[in-house]
Amino acid sequence: QIEGIIKRRNFKFPQIANDNILRKMFAIQVTPTFVLVDKQGVVRKIMLGTSRQKRDIMLSLISKMCEE
């Protein structure tokens with residue numbers, strides 16, 4: 001089911017929906033869960049669920065990180 005959504009929406013970021021190791025590492029229990037990791041491997045933000053407001057927050061954080 002997740003793979004169909006990924007293909008239809010043409011997501012460009014890594015998906016770990018079927019990666020149990022990463023799900024355990026980040027203690028993911030709710031989907032969608034977004035984990036924003038910077039270039040140094042530091043988790044900058046974990047966001048549960050989705051909405052337009054959450055998407056805008058995440059995009060803003062990504063833009064700021066790209067400037068660093």
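Which side chains meet Asp56 in a salt bridge? I looked this up and found Arg55, at 3.4 Å from N to O. I took a salt bridge to be a side-chain nitrogen of Lys or Arg within 4 Å of a carboxyl oxygen of Asp or Glu.

**Basis.** I worked on a predicted model, where local features need pLDDT of at least 70, side-chain atom pairs count only at pLDDT 80 or more, and totals for chains, interfaces and linings use all residues. I numbered residues from 1 along each chain as its sequence is written, and side-chain values use heavy atoms, with hydrogens and water left out.

**Salt bridges.** I searched the whole structure and got 3 salt bridges. For the pair above I noted relative accessible areas of 38% for Asp56 and 42% for Arg55. Asp56 is therefore partly exposed, and so is Arg55 (buried is under 20% relative accessible area, exposed over 50%, partly exposed in between, with a 1.4 Å probe and protein chains only).

I then went to Arg44, which forms a salt bridge with Asp38, with the closest N and O atoms 3.7 Å apart. Glu68 also forms a salt bridge with Arg44, and there the closest N and O atoms are 3.0 Å apart. Glu68 lies in the segment after H3 and Arg44 in strand S2, so this pair ties together parts that are 24 residues apart in sequence.

**Strands.** I took helices (H or I, at least four residues) and strands (E, at least two) as DSSP runs, numbered from the N terminus. S1 and S2 (residues 43-48) run antiparallel and are joined by 5 bridges; two strands pair if DSSP finds at least two bridges between them. Val35 stands opposite Ile46 in S2. The hairpin has 5 residues between the strands, and in it Gly41 takes a positive phi near 90°.

I found Thr33 in strand S1. Thr33 has 18% relative accessibility and therefore counts as buried. Leaving out residues up to four places away in sequence, Thr33 touches Ile28, Ile46, Met47 and Leu48 (contact means heavy atoms within 4.5 Å).

Pro32 sits in the loop between H2 and S1. At 34% relative accessibility, Pro32 counts as partly exposed. With the sequence limit of up to four places again applied, Pro32 touches Met47, Leu48, Gly49 and Thr50. I checked Pro32 against Met47: they are 15 residues apart in sequence and 8.5 Å apart in space, C-alpha to C-alpha.

**Largest pocket.** I put the space in the largest pocket at about 1,300 Å³. Of the 36 residues lining the largest pocket, the closest to its centre are Phe13, Pro14, Gln15, Thr33 and Phe34. On a 1 Å grid over the protein atoms alone, a pocket is an open set of points where a 1.4 Å probe fits, with protein on both sides within 12 Å along at least five of seven lines, and lining residues have an atom within 4 Å of a point.

Helix H1 (2-9), helix H2 (20-25), strand S1 (33-37) and helix H3 (52-67) each give two or more residues to the lining. H3 gives the most, with 8 residues. I sorted the lining into 22 nonpolar, 6 polar and 8 charged residues (Ala, Val, Leu, Ile, Met, Phe, Trp, Tyr, Cys and Pro count as nonpolar, Asp, Glu, Lys and Arg as charged, and the others, Gly among them, as polar).

How values were computed: Points joined across faces, edges and corners; volume = space filled by probe spheres on them.
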